[in-house]
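Biologist: I have the structure open and would like to go through its packing with you. Could you take me through it step by step?
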Amino acid sequence: MARQKKTDTDLSTEEKIKEAARKVFTRKGYAATRTRDIAEEAGINLALLNYYFRSKEKLFHQVMVEKVQQLFSVIAPIVNDSSISLESKISRIAESYIDMLLKHPDLPIFVLSELRNNVPSFMNIVHPEKLIRNSSLVTQLKKARPDINPLHFLANILGMVLFPFIAQPVFVAALALDARQFKQMMEERKQLIPAWVKAMLKTK
């Protein structure tokens with residue numbers, strides 16, 4: 001019983017540190033973050049943080065892996081399922097991504113800002129050749145519009161989903177939106193994005 005209690009405590013402390021790291025890394029970026037900042041955010045002393053994670057690099061890598069997987073794993077089962085039609089894929093991608101980002105609105109900023117500085121790690125985590133280049137979605141896009149590089153459509157789909165969350169502070173301030181109104185706007189995009197992509201696929 002005592003051993004189980006200690007394990008639960010260790011997991012709780014480790015998760016508390018990782019959650020604090022997510023917040024601080026998102027707010028300040030990797031370069032400007034100190035382990036002391038994370039310890040203060042977690043409400044623990046620096047020695048305890050170093051006990052669980054011996055370096056800022058190790059902690060960041062673990063958090064980054066989780067965040068990248070969280071951002072891209074949403075679409076992996078969808079884009080690689082050949083039994084799903086192209087139209088349904090686009091609808092599911094929009095709906096799944098928006099639902100996930102409404103729960104984790106800071107995720108795109110954190111992942112995209114740090115990925116630019118560490119592309120090799122991103123490649124090892126995501127394996128984009130499987131997720132994008134060799135996917136069923138790309139095959140379907142090529143068949144629907146053989147005259148256009150499918151990466152244009154992928155960039156458009158992801159941009160339409162991700163950009164409002166990246167620019168959320170600007171939208172909220174410029175358009176005087178509250179949290180409820182922003183969420184309603186994102187819910188509407190679940191229907192609008194597939195319609196826009198469908199129109200692009202047909203336009204010649």
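This is a predicted model: local features need pLDDT of at least 70, side-chain atom pairs count only at pLDDT 80 or more; totals for chains, interfaces and linings use all residues.

Biologist: How many aromatic pairs does the count come to?
Modeller: The count comes to six aromatic pairs. Among them is the pair of Phe-25 and Phe-60, which is edge-to-face, with 4.9 Å centre to centre and 80° between the planes.

Biologist: Which helices do Phe-25 and Phe-60 lie in?
Modeller: Phe-25 belongs to helix H1 (residues 2-28) and Phe-60 to helix H4, so the pair ties together parts that are 35 residues apart in sequence. Phe-25 is buried at a relative accessible area of 1%, and Phe-60 also counts as buried, with 11% relative accessibility.

Biologist: And what about Phe-163 and Phe-171, what geometry does that aromatic pair have?
Modeller: Phe-163 and Phe-171 form an edge-to-face pair as well, with 6.3 Å centre to centre and 75° between the planes. Phe-163 is partly exposed, its relative accessible area being 49%.

Biologist: Switching to helices: at what angle do the axes of H4 and H6 cross?
Modeller: The axes of H4 (residues 56-72) and H6 (residues 86-103) cross at roughly 140° and come within 10 Å. Angles over 145 degrees would count as roughly antiparallel, and H4 and H6 are therefore oblique to each other.

Biologist: Which residues make that contact?
Modeller: On the H4 side they are Gln-70, Leu-71 and Phe-72, and on the H6 side Tyr-97, Met-100 and Leu-101.

Biologist: What does Leu-71 touch, leaving out residues up to four places away in sequence?
Modeller: With those left out, Leu-71 touches Tyr-97, Met-100, Leu-101, Leu-107, Val-111 and Leu-162.

Biologist: Which residues of the largest nonpolar core touch the most other members?
Modeller: That core has 51 residues, and the ones touching the most other members are Ile-17, Ile-38, Leu-59, Leu-71, Ile-93, Tyr-97 and Leu-101. The helix that gives the most to this core is H6, with eight residues.

Biologist: Where does Ala-176 lie, and is Ala-176 buried or exposed?
Modeller: Ala-176 lies in the loop between helix H12 (168-175) and helix H13 (179-202), and with a relative accessible area of 61% Ala-176 is exposed.

Key:
Residues are numbered from 1 along each chain as its sequence is written. Side-chain values use heavy atoms; hydrogens and water are left out. Axes are lines fitted to C-alpha atoms, for helices over the stretch in contact, and angles run from 0 to 180 degrees between N-to-C directions. Helices (H or I, at least four residues) and strands (E, at least two) are DSSP runs, numbered from the N terminus. Angles under 35 degrees count as roughly parallel, over 145 as roughly antiparallel, 65 to 115 as roughly perpendicular and the rest as oblique. Contact means heavy atoms within 4.5 Å. A nonpolar core is a set of buried Ala, Val, Leu, Ile, Met, Phe, Trp, Tyr and Cys residues joined through side-chain atoms within 4.5 Å. Buried means under 20% relative accessible area, exposed over 50%, partly exposed in between (1.4 Å probe, protein chains only). Rings of Phe, Tyr and Trp (its six-membered ring) pair if their centres lie within 6.5 Å; planes under 30 degrees apart count as stacked, over 60 as edge-to-face and the rest as tilted.
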